[in-house]
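Biologist: Please put the model up, and we can go through it bit by bit.

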Amino acid sequence: LGDIGEFGWIARLARRTRSASDPGVLCGIGDDAAAIRINPPILITTDVLAEGVHFRREWGTSRQLGRRAFAVNASDIAAMGGRPAYALIDLRAPATFPVRELEAIYSGFRDAADRQRVVLIGGNTSSARRLSFGVTLLGRAPHGCLTRDRCRAGDDLYVTGTIGLAALGLAALRAGRRRTVAIRRFLEPPLRVEIACALARTGLVGGMIDVSDGLVQDLGHLCEASGVGAVIDATRGPVPAPRGRLRRRELEHALAGGEDYELLFSALPALSRRIGSIARRYRCNVSRIGRIVRTPRNVRVVDADGRPLSLTARGHDHFRKRR
Ligand SMILES: [Mg+2]
């Protein structure tokens, strides 16, 4: 990076984005600020992947890192029922950082972004002791915003995909292992934009959130915002269960592990067939895992017989010391 310098890098980036040809971009990379045409509402989110905090370089490839940086941000836009449209990247890297590696990170990012027709319109580069890759995404919500405060008592609770596998993968990486299905799931989070938009389009979905900090914790956020409570049936969870038997460890990772980037949402019971057909259409597993109840702010996890399970693990908190 020291060889081509900041401006060399920016020029290189500008040559490789479509911002000049996108009709929504009045002014893309290369001026003091970007200018875009906005028809409200727009969604804005930002998230950073910092070396030593969120990842270690040896955990995966640079392309996976770039793709992941896109996916974790797109997940927040999807969780609002929206579609990402524009991106800004805040890159911090040591001057000794190889340009080839940087290209690979951006290429992973661009591949994922291009597939969603997201245009990179600007950002910032600065030197730092360790690599960090911050992304700001702007998105549209043509079908309205699926905010967290829309859950109502009596709603069913659903979650997309599989829960708990990514947390198992992160634990495996921290234990020094390198290649497992779970690790791949952690390094390559799913993109649920299409199904989120399809659900938003029904106009009948309640509150929605993406599961990034742990199912129980994120469900707690939904309940708090909506002034309701929830009951999860642990046996219905889309938890990876080796040989069909649900083990304690998998269950704890599913309920508290985080990093899943799946969608958790509530919907009227009458919507269950419609949700089933949307799931088939978008080839995405959608599981009904419980229901919303009147008791405010209380998330209970029960077993097949309705007995409450007590859990030791809690969700992820960025500033709390790891257990
Ligand atoms: Mg989120």
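Biologist: Which residues line the second largest cavity?
Modeller: The lining consists of Trp9, Arg12, Leu13, Arg16, Glu103, Tyr106 and Arg110. A cavity is a set of points, on a 1 Å grid over the protein atoms alone, where a 1.4 Å probe fits but cannot get out, and lining residues have an atom within 4 Å of a point. This is a predicted model: local features need pLDDT of at least 70 and side-chain atom pairs pLDDT 80 or more, while totals for chains, interfaces and linings use all residues. Residues are numbered from 1 along each chain as its sequence is written, and side-chain values use heavy atoms, without hydrogens or water.

Biologist: Which elements give two or more residues to that lining?
Modeller: Helix 1 and helix 3 do. Helices (H or I, at least four residues) and strands (E, at least two) are DSSP runs numbered from the N terminus.

Biologist: And how do the lining residues of the second largest cavity divide?
Modeller: There are 3 nonpolar and 4 charged residues, with no polar ones. Ala, Val, Leu, Ile, Met, Phe, Trp, Tyr, Cys and Pro count as nonpolar, Asp, Glu, Lys and Arg as charged, and the others, Gly among them, as polar.

Biologist: What volume does the second largest cavity have?
Modeller: About 30 Å³. The volume is the space filled by probe spheres set on the grid points, which are joined across faces, edges and corners. The structure has 2 cavities of 30 Å³ or more.

Biologist: Strand 4, then. How many bridges join strand 4 to strand 5?
Modeller: 8 bridges, and the two strands run parallel. Two strands pair if DSSP finds at least two bridges between them. Tyr86 stands opposite Val119 in strand 5.

Biologist: In which sense do strand 4 and strand 6 pair?
Modeller: Antiparallel, over 9 bridges, with strand 6 covering residues 132-140. There, Pro84 stands opposite Gly139.

Biologist: New topic: the metal. Which residues coordinate the magnesium ion?
Modeller: Asp76 and Asp210, each through OD, at 2.1 Å. Asp76 sits in helix 2 (residues 62-78) and Asp210 in strand 8 (residues 205-211), 134 residues apart, so the pair links distant parts of the chain. Donors are N, O and S atoms within 2.8 Å of the metal (3.2 Å for Na, K and Ca), and sites may look incomplete because water is not among the atoms.

Biologist: What relative accessible area does Asp76 have, and what about Asp210?
Modeller: Asp76 is partly exposed at 26%, whereas Asp210 is buried at 3%.

Biologist: Now the backbone. What phi does Tyr261 have?
Modeller: Tyr261 has a positive phi, about 55 degrees, although it is not a glycine. Most residues other than glycine have a negative phi. Tyr261 lies in the loop between helix 8 (248-256) and strand 10 (262-267) and is buried, at 9% relative accessible area.

Biologist: And what is the phi of Arg283?
Modeller: It is positive too, about 45 degrees, and Arg283 is not a glycine either. Arg283 is in the loop between helix 9 (272-281) and strand 11 (286-293), and is exposed at 80%.

Biologist: Last one: where is Thr180?
Modeller: Thr180 is in the loop between helix 4 (165-174) and helix 5 (181-187). It is partly exposed, at 22%. Between Thr180 and Glu58 there are 15 Å, C-alpha to C-alpha, with the two 122 residues apart in sequence.

Methods. Buried < 20%, exposed > 50% of the residue type's maximum accessible area, 1.4 Å probe, protein only. 1 Å grid on protein atoms, 1.4 Å probe; cavity = no way out; pocket = protein on both sides within 12 Å on 5 of 7 lines; lining within 4 Å.
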